[in-house]
Amino acid sequence: MVEMDTIAAIATPLGTGGIGVVRISGPKALTTADRIVRLANGKRVSSLEGYTCAYGIAADREGPIDEVIVTVFRAPRSYTGEDVVELSAHGGVYLMDRLLNACCENGARPALAGEFTKRAFLNGKLDLTQAEAVIDLISARGGQAARAALSARGGALYRCVEKIADRLTHFAAHLSAWIDYPEEEIEAVDSRTLHDALLESLRTLDSLAGSYETGRLVRDGIETVIVGRPNVGKSSLMNLMTGMKRSIVSDIPGTTRDLVSDTVLCGGFVFHLTDTAGIRRPDDPIEREGVALALEQVERAQLVLAVFDGSEPLTEDDRRVMKACRGLNALALINKADLAQVLNAEAFTSDFKRVLCISARGEDIPKPLTKALTEMVGLGAFDSSAAIVANTRQRAAVTEAAGELREAVEALESGVSYDAVAVCIERALDALLKLTGKRASQAVVDSVFSRFCVGK
């Protein structure tokens, strides 16, 4: 375990709440708690066993602060790998600040952003990918993102990368011994076995690199734009998906002139919805600006929901919408399915990847729409338990390792000496060890934990 000083921080959000927690970690965590907490049973906090709680009163030089529940975690069986004490009190800003100050006056110092998790990393409790998953878990806004982050926190990516690293280490050691000690009776490296192992590792790394875009969509959400001519039900669709009246619904054309945005959960994924002005050729210059802005949003969107009135024939404005969506990741929604229909899906198949009939007058998002939305962005078969590259640092390391293995395979196939192959394998291995943090520089480690909040 790395020897460090003792730190303390408020581990719950600042504000008024039922409970607030101050966390202490380090070699003086127990003695710090001893100095500020008087337990009701007369014992000292330092006498408590790990994974136990006790009731007491916390106090500072001015007198009692609040009732507290003290929870003790003893090294190395704690989040940080150090002795950890958590003081749970009533969650008021004044009480939390006073409790933290008492800790800092009795042997601890204020923790830096992410310092608790950084200590867990430095003490071998988790690798760098698991540490990054902690912040993804905290910031998750959808069920699928939370499950994916929890899987990464559990080591899904680490285990996948470690398996490849172990295989490469085996071959690197064999090659190195065979090259450096030709006089020894070391078994020759089997070229076919090495080639197949490198190809298998390369395929896995390429798959991991490809998972970045999926992971980004799951984590950050999908930018989704609702577009259509006036009075086809765009605002009704927006209100249906958000579960509230976010857009004004009116029979008067041009009611929506500006962008109306909100974030919704659908199928466990986050969609950033934007309702736009009805697409038509208006005389009003303000509405004209709204239409231009709507078309710009369509071009930038990751997913376009193009709404059409199924009870009316297609108009020139409808065709303008269809043209704007051509070649984009767009879903045609034939709305007003509760009315007599004059449109059919065949009219849209040449311009849209998928067509769906709906009624935006319902109370809940139709299941076929939920299914279509997730499938349109490639998340229909998303496996939250699989290894996923979650950020640009991880993608860069995986891509670097894959590039080195690609060169190793090409060198092997062209008959180049094993020396060149061994160099490429060593470089790939180095990239993977940087990914997990085993060879990460201090600058990389500091950058990762700078994203954390204080107290985690």
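The largest share of the lining of the largest cavity, 5 residues, comes from α5. This is a predicted model, in which local features need pLDDT of at least 70 and side-chain atom pairs count only at pLDDT 80 or more, while totals for chains, interfaces and linings use all residues. Residues are numbered from 1 along each chain as its sequence is written, and side-chain values use heavy atoms, with hydrogens and water left out.

A cavity is a set of points on a 1 Å grid over the protein atoms alone where a 1.4 Å probe fits but cannot get out, and lining residues have an atom within 4 Å of a point. The count comes to 1 cavity of 30 Å³ or more. The largest cavity holds about 210 Å³ of space, and among its 19 lining residues D136, A148, A149, I388 and A390 are the closest to its centre. Two or more lining residues come from each of the helices (DSSP runs of H or I, at least four residues) α4, α5, α6 and α7.

| Lining class | Residues |
|---|---|
| Nonpolar | 12 residues |
| Polar | 4 residues |

Helix α7 covers residues 191-220; at 1.5 Å a residue its 30 residues should span 44 Å, and its end C-alpha atoms are 44 Å apart, which agrees. A kink of about 30 degrees in α7 is centred on Y212, the bend being the angle between axes fitted to the seven residues ending there and the seven starting there. G221, with a positive phi near 95 degrees, follows α7.

Elsewhere, Y51 is in contact (heavy atoms within 4.5 Å) with V72, F73 and R77, leaving aside neighbours within four places in sequence.

Note on methods
Expected span 1.5 Å × (residues − 1). 1 Å grid on protein atoms, 1.4 Å probe; cavity = no way out; pocket = protein on both sides within 12 Å on 5 of 7 lines; lining within 4 Å. Points joined across faces, edges and corners; volume = space filled by probe spheres on them. Nonpolar A, V, L, I, M, F, W, Y, C, P; charged D, E, K, R; others polar.
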